[in-house]
Amino acid sequence: MTYDKARQALRDWREAYPSDPFSDDRLLRVLLAQYLPAGRRAALEEEAARFARAVTGVIAPRAARYDRHHDPELAAYDGRGERVDVVEFDPGYHEAGAAVWASGIVARAGEPGGAFEQATLLLLLSLEGEAGHACPATCTIGLARALRRRASDPVRERFLPALLEADYARAARGAQFLTEVQGGSDVGANACVAVPVGDHFRLRGEKWFCSVADADQFFVTARVEGGAPGTAGLGSFVVPRELDGRPNGFRLRRLKDKLGTRALASGEIDFDGAEAWPVGELADGIRTAVGIVLNTSRWLTAVGSAGLARRARREALAYAAHREAFGRRIEEFGSLRRTLAAICAEADGSLALVMALTDLEDRLDAGGADATAVAAHRFWVNVAKYVTSRQATATVRDAIEVLGGNGTIEEFSVLPRLYRDAIVYESWEGTHNVLAAQVMSDLRRLDLLGPAADLVRDAAAGTPVAAQVAAQMAPALEGLARCREDADHAAWHGRDHLDRLGRCAQAALLARADRPASAAWLLASLTGEDPGRDEALAARVDAVLAEAGRPGS
């Protein structure tokens with residue numbers, strides 16, 4: 001390839017990225033058609049196409065700038081020496097935020113249902129990584145849901161309306177501050193105290209990892225003075241950032257310098273008499289925190305991870321179609337074709353799984369979920385977050401390899417930013433071991449395994465891979481059944497069983513979405529068998545890539 005031709009190939013690759021990545025994503029539209037009635041789907045498609053254009057035209061160029069060059073900065077004092085604890089951002093950050101909030105992704109949290117709309121919009125935003133706004137949107141949705149479902153009328157009426165405002169300049173953004181230095185995953189060790197004062201409380205203590213440190217309202221767990229030890233003594237509270245124009249009894253100690261999600265302000269906060277109001281009954285504090293706020297974040301973080309993988313898939317396929325080496329397009333080389341096939345199957349499987357979880361979320365939030373759906377949701381919200389976040393990191397890493405050295409250059413593509421963000425996503429709302437431990441604990445106490453498996457069986461029924469799914473799912477179900485009785489087995493092998501069942505679910509859901517080759521690819525990874533003759537492997541790769549079609553499919 002000549003110098004001029006190589007340069008042109010790079011230009012062609014960049015120009016191939018669509019202004020509307022939603023309309024260009026056939027699998028996403030197929031999945032939405034499976035779950036939504038025609039009228040709701042048509043409205044969502046119009047809404048999503050409009051936001052997709054805002055993502056590429058408004059958010060992408062600004063995020064590329066402020067994520068690399070303009071991290072948030074803490075202004076602890078104003079010019080008169082008074083404590084203000086303000087976080088300052090690049091102006092482009094707020095311009096991007098205005099586009100996110102105008103999409104309605106947060107405003108929809110005011111009404112039951114709407115999960116598909118929120119998930120689709122967040123997925124599109126995540127094509128640009130966290131971009132400094134995926135986390136604030138997610139946290140605001142979680143706080144709004146908690147207030148809508150659990151808060152008393154006075155508390156709801158005081159705090160909820162501002163969270164639902166679609167005008168970014170007027171909207172209040174939410175955050176969730178649960179982690180303490182001695183109680184990360186061990187929430188029961190938290191020591192931040194809530195002291196009753198009339199109809200509200202005052203908080204004292206430290207929160208160690210506070211993302212959206214610039215938020216206007218904080219969702220905080222605190223130990224009610226005189227309450228029980230462990231999680232039973234924790235209440236859930238909403239804390240306004242300001243009272244009468246001044247910081248409400250807190251100090252933002254510092255901002256954290258993170259590997260990824262760098263445009264997002266994360267810090268450490270000390271509360272010293274901050275006024276707070278309960279979100280629901282004090283005795284239900286941990287149920288509100290986990291059942292609504294954390295589970296909302298786990299669902300949307302899984303969606304975000306699928307979005308990272310979706311963008312990696314697109315970048316890798318398009319680059320391989322344009323780049324040449326040794327007189328051939330690199331997509332023609334067998335080893336790279338195999339990498340591309342794996343990227344496609346993994347990214348598509350993630351998308352299929354998070355849309356199935358979104359269906360459960362939609363019914364649960366709207367109050368239309370039966371006991372089986374509630375049980376399936378409790379299982380899959382943890383497993384989907386665990387599985388998809390791992391897949392996102394691996395898929396982005398493989399896409400970087402497709403681009404070669406170019407893939408490591410921050411200004412060349414979005415992939416380095418996606419990779420850094422993906423690693424942070426893996427730890428959000430619980431590490432892999434914490435999520436697996438939560439599933440194991442739930443299995444011992446609740447009848448979840450049957451409903452969880454039924455989701456997979458129902459998806460696989462009547463598809464070409466139904467028998468394979470059943471065969472591969474059986475050892476996972478046997479292993480998880482043993483985990484209910486054997487704590488040591490759960491500790492050592494629980495994740496293995498969840499990996500297998502998650503892959504079976506993705507395969508079943510892809511087969512139902514008319515992606516049988518990708519489904520078979522995911523299942524083949526579970527057999528531990530030799531892939532066979534080169535011709536057979538090549539045929540499988542060709543089938544996955546043919547099924548994938550053009551880069552956005």
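**Note on the predicted model**

1. Helix 5 is mostly covered: eleven of its eleven residues are buried. Buried here means under 20% relative accessible area, exposed means over 50%, and partly exposed is in between (1.4 Å probe, protein chains only). Helices (H or I, at least four residues) and strands (E, at least two) are DSSP runs, numbered from the N terminus. The buried residues of helix 5 include Ala-115, Phe-116, Glu-117 and Gln-118. Leu-121, Leu-122, Leu-123, Leu-124 and Leu-125 are also among them. The cover over these buried residues includes helix 2 (26–35), helix 3 (38–69) and helix 4 (91–102). Helix 6, helix 8 and helix 9 (334–366) are also included in that cover.

2. Basis of the note. This is a predicted model: local features need pLDDT of at least 70, side-chain atom pairs count only at pLDDT 80 or more, and totals for chains, interfaces and linings use all residues. Residues are numbered from 1 along each chain as its sequence is written, and side-chain values use heavy atoms, with hydrogens and water left out.

3. Overall build. The protein has 17 helices and 13 strands. Its radius of gyration is 23 Å, close to the 24 Å that the globule rule gives for 553 residues, so the protein is as compact as a globular protein of that length. That radius is taken over C-alpha atoms, and the rule is 2.2 Å times the number of residues to the power 0.38. Along its principal axes, the C-alpha trace spans about 75 × 60 × 45 Å.

4. Packing and surface. Of the 553 residues, 57% are buried. Take the contacts between residues at least 6 apart in sequence: 76% of them join residues at least 24 apart. Contact means heavy atoms within 4.5 Å. The accessible surface comes to about 21,200 Å², and 51% of that belongs to carbon and sulfur atoms. Areas come from the Shrake-Rupley method with a 1.4 Å probe; for residues, only the protein chains shown count as cover.

5. Charges. The protein has 67 positive and 77 negative charges, and their mean positions are 2 Å apart. Lys and Arg count as positive, Asp and Glu as negative; His and the chain ends are not counted. Each charge is placed at NZ of Lys, CZ of Arg, CG of Asp or CD of Glu.

6. Aromatic pairs. A search of the whole structure finds 14. In Tyr-319 and Phe-412, the ring centres are 6.3 Å apart and the planes are at 75°, so the pair is edge-to-face. Tyr-319 lies in helix 8 (residues 285–322) and Phe-412 in the loop between helix 10 (371–403) and helix 11 (415–427), so the pair ties together parts that are 93 residues apart in sequence. Tyr-319 counts as buried, at 3% relative accessibility. Rings of Phe, Tyr and Trp (its six-membered ring) pair if their centres lie within 6.5 Å; planes under 30 degrees apart count as stacked, over 60 as edge-to-face and the rest as tilted. Elsewhere, ring pairs link Phe-177, Phe-218, Phe-250 and Phe-271 into a cluster.

7. Positive phi. Most residues other than glycine have a negative phi. Ala-131 is not a glycine, yet its phi is positive, at about 60°. Ala-131 sits in the loop between helix 5 (115–125) and helix 6. At 5% relative accessibility, Ala-131 is buried. Phe-326 also has a positive phi, near 55°. Its loop runs between strand 12 (324–325) and strand 13 (328–329). Phe-326 is exposed, at 80% relative accessibility.

8. Arg-149. This residue is in helix 6 (residues 134–150). Leaving aside neighbours within four places in sequence, Arg-149 is in contact with Ile-292 and Asp-365. Arg-149 and Arg-202 are 53 residues apart in sequence and 23 Å apart in space, C-alpha to C-alpha.

9. Two glutamines. Gln-8 belongs to helix 1 (residues 3–15) and is partly exposed at 33%. Gln-8 and His-322 are 314 residues apart in sequence but 9.2 Å apart in space, C-alpha to C-alpha. Gln-182 is in the loop between strand 3 (174–177) and strand 4 (193–197). Its relative accessible area is 40%, partly exposed. Not counting residues up to four places away in sequence, Gln-182 touches Ala-189, Asn-190 and Ala-191. From Gln-182 to Trp-208 there are 26 residues in sequence and 8.8 Å in space, C-alpha to C-alpha.
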